[in-house]
Amino acid sequence: MSRRNLLATRNGRFLTFGILYISEGIPYGFTSIAMVAFMRQQAVSLELIGTFVAALFLPWAFKWAWAPLIDLIKLDKLGGRKAWIVFCTVMMILTLVVTAMVDFKENFNLLLAMIVLNNLFCATQDVAIDSLAVSNLEVNERGRANGFMFGGQYFGIMLGGGGAVAVSGYFGFAAALGYISALLFINLMFVLFYVRDPQADPDAIRQ
């Protein structure tokens, strides 16, 4: 029996790319909202917080430089662009865990390095998702799919930002980190079980 591939159907494609964009919004919301709130609560200066936020956007500003690698390095034997998405999601979780464990008062430069690395994987995941979307969505599906994608992204920002702040307020920052990691892990499981890149998997039947 063949594995299910949501990209094989019209509604499945809308659902898939909406959920994938949720995974993009979660770490962005966590780092740009929850971590900033926590840092301010810990009396970190506005100057350092501004530097931290600027570091968030650095990889996104230059993702065009390595974006072609996603199409050049196909990884067909590992699942194609699905492999890129899985790898980046795993690294997003790992780098978030390390980032949140850094004592930003003592090792602020290490914090900046980790946040740049985390967003490097976030930006690369974005490139892989967009590449998958462009090659799978029909022309008449792209407008609606775009709505699902950006709706998913803002929902992810809400979960990763406001949601993490709420969890941190009730249970502490460590619990908020566990909450974010769990959300990304759920998204990872979704990709592993329900998404197949047709360019790398000939058995992924399209409807």
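1. E141 counts as buried, at 3% relative accessibility. In this predicted model, E141 forms a salt bridge with R10, and the closest N and O atoms of the two are 3.8 Å apart. The pair links distant parts of the chain, with E141 in the loop between α5 and α6 (142-171) and R10 in helix α1, 131 residues apart. R10 counts as partly exposed, at 35% relative accessibility.

2. A search of the whole structure finds four salt bridges. One of them is formed by the side chains of D126 and K63, at 2.3 Å from N to O. This pair also links distant parts of the chain: D126 belongs to helix α5 and K63 to the loop between α2 and α3, 63 residues apart. D126 counts as buried because its relative accessibility is 5%, whereas K63, at 22%, counts as partly exposed.

3. The side chains of D197 and R81 meet in a further salt bridge, 2.8 Å from N to O. D197 is in the segment after α7 (173-194) and R81 is in helix α4, and 116 residues separate them. Both partners are buried. Salt bridges that share partners join R10, R13 and E141 into one network.

4. The surroundings of R81 deserve a separate point. R81 is placed in helix α4, which covers residues 81-101, and has a relative accessible area of 5%. Leaving aside neighbours within four places in sequence, R81 is in contact with I70, K74, A128, S131, L132, S135, N136, D197 and Q199.

5. Which residues of α2 are buried? They are I49, F52, A55, L56 and P59. The buried residues of α2 pack against α1 (10-41) and α5 (108-136). As to geometry, the 16 residues of α2 should span 22 Å at 1.5 Å a residue, and the end C-alpha atoms are 23 Å apart, which agrees.

6. N119 lies in helix α5 and counts as buried, at 1% relative accessibility. Not counting residues up to four places away in sequence, N119 touches L56, P59 and W60. N119 and N109 are ten residues apart in sequence, and their C-alpha atoms are 16 Å apart in space.

7. How many disulfides are there? The count comes to zero. C88 is in no disulfide, and the nearest cysteine sulfur, that of C122, is 8.6 Å away. A disulfide requires sulfur atoms within 2.5 Å, so the sulfur of C122, at 8.6 Å from the closest cysteine sulfur, is too far for a bond. Both cysteines are buried: C88 has 0% relative accessibility and C122 has a relative accessible area of 4%.

8. Most residues other than glycine have a negative phi. Phi of A43, however, is near 65 degrees, a positive value in a residue other than glycine. A43 is found in the loop between α1 and α2 and is exposed, with a relative accessible area of 65%.

9. On the surface, L58, F62 and W64 form a nonpolar patch, with about 370 Å² of accessible area together. W64 is placed in the loop between α2 (46-61) and α3 (68-72). Is W64 buried or exposed? W64 counts as exposed because its relative accessibility is 60%.

How values were computed:
Residues are numbered from 1 along each chain as its sequence is written. This is a predicted model: local features need pLDDT of at least 70, side-chain atom pairs count only at pLDDT 80 or more; totals for chains, interfaces and linings use all residues. Side-chain values use heavy atoms; hydrogens and water are left out. Patches are made of residues with over 30% relative accessible area and no salt bridge: like charges are joined within 9 Å, nonpolar side chains (Val, Leu, Ile, Met, Phe, Trp, Tyr) within 5 Å. Accessible areas come from the Shrake-Rupley method with a 1.4 Å probe; for residues, only the protein chains shown count as cover. Helices (H or I, at least four residues) and strands (E, at least two) are DSSP runs, numbered from the N terminus. Buried means under 20% relative accessible area, exposed over 50%, partly exposed in between (1.4 Å probe, protein chains only). Contact means heavy atoms within 4.5 Å. The expected span of a helix is 1.5 Å times one less than its number of residues.
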